[in-house]
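The following exercises are to be worked with the sequence and the structure in view. Each task is followed by a solution in steps.

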Amino acid sequence: MENAFAPISEACVKALSDKTYEKRKVAALEIEKMVTDFKLKKNMTQIKRIIDVLSRDFVRSNDSNKKKGGLIALAATSIALGKDTEKFIEDIVNPIMNCLIDNDNRVRFFASESLYNVVKVARGAVLPFFPSVFNALSRLVTDPDQSIKNGSEILDRLLKDIVIESSQTFDLDAFIPLVRERIMVKSSFARQFIISWISVLNAVPEINMVMFLPEILHGLFQILEDPLPEIQRMCESLLAQFLKIIKLDPTAADIPKMTNVLIVQAQSSNPLIQFYAISWIKEFVQLSGGEILSFSSGIFTAILPCLAFESDAKKNIKDCANAVNLNLLELISNGEDKQKNLSYLDLNSVMEVLRQYLVHSPVPTKIAVLKWVHHLFTEVHDEMSEHANKLFPVLLRDCLSDSSDEVVLQAIVVLAEIVNSATVKGNDFDQTQYRQFLVELLNLFSENNTFLEKRGTLIIRQLCRLLNAEYIYRTFAEILLEERINLKIASTMVRTLNMILLTTSDLFDLRNMLHDIRNEKSASLFECLYRCWAHCPVSTLSLCLLAQCYQHVSEIVTLFADIEITVDFLVEIDKMVQLIESPIFASLRLALISHSNDNADAQHLSRALYGILMLLPQTEAFHLLNNRLKCVPNYWSQPNKISSKSTNESQCNIKFDELFIYFKHIQDLHHQKRVEKRKKNQF
């Protein structure tokens, strides 16, 4: 009966199936000799039969000893064939590959050893099977058996050498999907395997790995979070290599695709991933120029929260994010390429992101957003005009109420720019725009009296610095003149405006304007303010002192005898006396000794100040004013009659009699409100 394993002898078959390695090894050497002889005789048919027998009856057997013998024999066959292994490569490699996933550790070990010997002989001939071999290797490097893992590392190095040798014919298109499928694994050993392969191929001049970087970049960034420092360092080094290549030749990289990946990674909770992602974004901003602005909304989402990082551990992230932010700002205002750069900017999506970060964000983030909004209104005010209505509520309700003064001040800068941008095409102020803005602001103050007391002065001063102070005061006065329900808010607002008027250096020109009521424009402003200031008697007195209406001041002081003297009233008088000693009222103090106007103004002023002195209790303010009046000439010895034609009031067109009546009317209203309030409190 013919031997079913021919041309392999029965004795050899028996030895190959033995449980001892030594006997299997001897049998494999015998097969190696047989194959060598057949090769010399060019009897490829017999060699094919040997390979088929080894594959069918041994390697694919359920007997683990037969598998081991068959694996050793196939490796011996390949060694005997040498370069001719290429002719039988598929028949040799496929059976071995199947054993790499065997449940028996020793079978897997012999399979990896056998595959190594075959690959060592076949060299480039094994490349058509590269995907299968690569898949097998990716599993072997994570094998729990250390001997298998060690063997896989040797095979891995050999395969890399072969790929480098055959770099010009290596199928990179087939390799990238393999990497993409495995790069998201969590095993540190598998990650090390993937990184090493990418690094090796990236170092080969004939292979352009940067072209495929968008497909694997996400996975590379995920490897940065590996718990093993060694794996992190390998990944950092690989990313540095890629970035160096991109900087040398930006056209070789698909920067737009990678930017989308980086934006996602820059929002990672892992600081290392976040830092590297933003670092890459910074480089891409510099490399791409204006084109990167098409990703502005995504980049803002990534970097704006980072600007608020405070810990030392995240300082490098914050610095990098800040650099990106500044670079983007420069692209918007770049004179030469400004229009081209702006064409890439999707203003709608950008403004949507910026608006979101104006609410419930840390202070540094809000500041950066507000500066961006202001910058955009400055550079593209026409395009930004349609966003003003959506911005207004956020700026007013959220930013102006922020606990940070810096946020409040920057918000006012933006609001002022919005108001101004509506007037750039005209020769005069857009009164409707101004009024709408100030009405909204006044409503905000009305809703929250504490907010007015804490932030009112800061906000109004900044507005006067940035906008037309005269029109702000005039408009506020006109709006407050309509206030008949909440008189308390009106009086509080007047006190705030009056104190700012009398103490802020930015309102120097406005004070000078009010000094000369003989001027028609100044007189108009004075009358407008007076009717509003009437809500607060001491503020009215201050305004008249500033406008040098000393005769009228004297009349108002006389009226104080009929006005309810409250604690608030005395506090206000006290503050006014302090202000009389300030540089702002230097002209008032000099008027006390002036001989102009037949001493009329000096006498009226002196009598008014003595009247104020009599209203004061003997506090520090009383002594301060008393000491000042001791330096004044004694006008009481002069005739009581003073020529009304000599006073400042007589030289202007203001009807002070009507103003005096109006003042008394407003004070009566306030008195009625106080009485009503006291009655309500009694019940």
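**Exercise 1. The buried side of a helix**

In helix H5 (residues 89-99), the residues Ile89, Ile92, Val93, Pro95, Ile96, Met97 and Cys99 are buried. Determine which helices the buried residues of H5 pack against.

Solution. Begin with the basis of the values: the model is predicted, local features need pLDDT of at least 70, side-chain atom pairs count only at pLDDT 80 or more, and totals for chains, interfaces and linings use all residues. Residues are numbered from 1 along each chain as its sequence is written, and side-chain values use heavy atoms, with hydrogens and water left out.

Buried means under 20% relative accessible area, exposed means over 50%, and partly exposed lies in between (1.4 Å probe, protein chains only). Helices (H or I, at least four residues) and strands (E, at least two) are DSSP runs, numbered from the N terminus. Contact means heavy atoms within 4.5 Å.

The partners can now be listed: the buried residues of H5 pack against helix H3 (44-59), H4, helix H6 (105-122) and H7.

**Exercise 2. Two packed helices**

Describe how helix H2 (residues 21-40) and helix H4 (residues 64-81) pack, giving the angle and the separation of their axes.

Solution. Step 1: the angle between H2 and H4 is about 35 degrees, and their axes are 8 Å apart. Here axes are lines fitted to C-alpha atoms, for helices over the stretch in contact, and angles run from 0 to 180 degrees between N-to-C directions.

Step 1: the residues of H2 in the contact are Tyr21, Arg24, Ala28, Ile31, Glu32, Val35, Thr36 and Lys39. H4 contributes Asn65, Lys68, Gly69, Ile72, Ala73, Ala76, Thr77, Ile79, Ala80 and Leu81.

Step 2: sorted by class, the contact of H2 with H4 comprises 10 nonpolar, four polar and four charged residues. Ala, Val, Leu, Ile, Met, Phe, Trp, Tyr, Cys and Pro count as nonpolar, Asp, Glu, Lys and Arg as charged, and the others, Gly among them, as polar.

**Exercise 3. Aromatic pairs**

How many aromatic pairs does the structure hold, and what is the geometry of the pair Phe130 and Phe170?

Solution. Step 1: there are 22 aromatic pairs. Rings of Phe, Tyr and Trp (its six-membered ring) pair if their centres lie within 6.5 Å; planes under 30 degrees apart count as stacked, over 60 as edge-to-face and the rest as tilted.

Step 1: Phe130 and Phe170 form an edge-to-face pair, 5.0 Å centre to centre with 90 degrees between the planes. This pair links distant parts of the chain, 40 residues apart: Phe130 is in helix H7 (residues 130-140), and Phe170 is in the loop between helix H8 (146-165) and helix H9 (172-182). Both Phe130 and Phe170 are buried.

Step 2: Phe526 and Tyr530 form a tilted pair, at 5.8 Å centre to centre and 50 degrees between the planes. Because they are four residues apart in helix H28 (residues 520-533), about one helical turn separates them. Phe526 is buried, with a relative accessible area of 0%, and Tyr530 is likewise buried at 0%.

Step 3: ring pairs also join Phe130, Phe134, Phe170, Phe175, Phe193 and Trp197 into a cluster.

**Exercise 4. The surroundings of Cys235**

Is Cys235 buried or exposed, and which residues does Cys235 touch?

Solution. Step 1: Cys235 belongs to helix H12 (residues 229-248). Its relative accessibility is 0%, so Cys235 counts as buried.

Step 1: leaving out residues up to four places away in sequence, Cys235 touches Ile195, Leu220, Ile223 and Leu224.

**Exercise 5. Backbone features**

Which peptide bond is cis, and where are Arg123 and His360 found?

Solution. Step 1: the bond from Ala6 to Pro7 is cis, with omega near 10 degrees. Pro7 is placed in the segment before H1.

Step 1: Arg123 is not a glycine, yet has a positive phi of about 55 degrees. Arg123 is in the loop between H6 and H7 and is partly exposed, at 26% relative accessible area.

Step 2: His360 also has a positive phi, near 55 degrees. His360 is in the loop between helix H18 (347-357) and helix H19 (363-379) and is exposed, with a relative accessible area of 77%.
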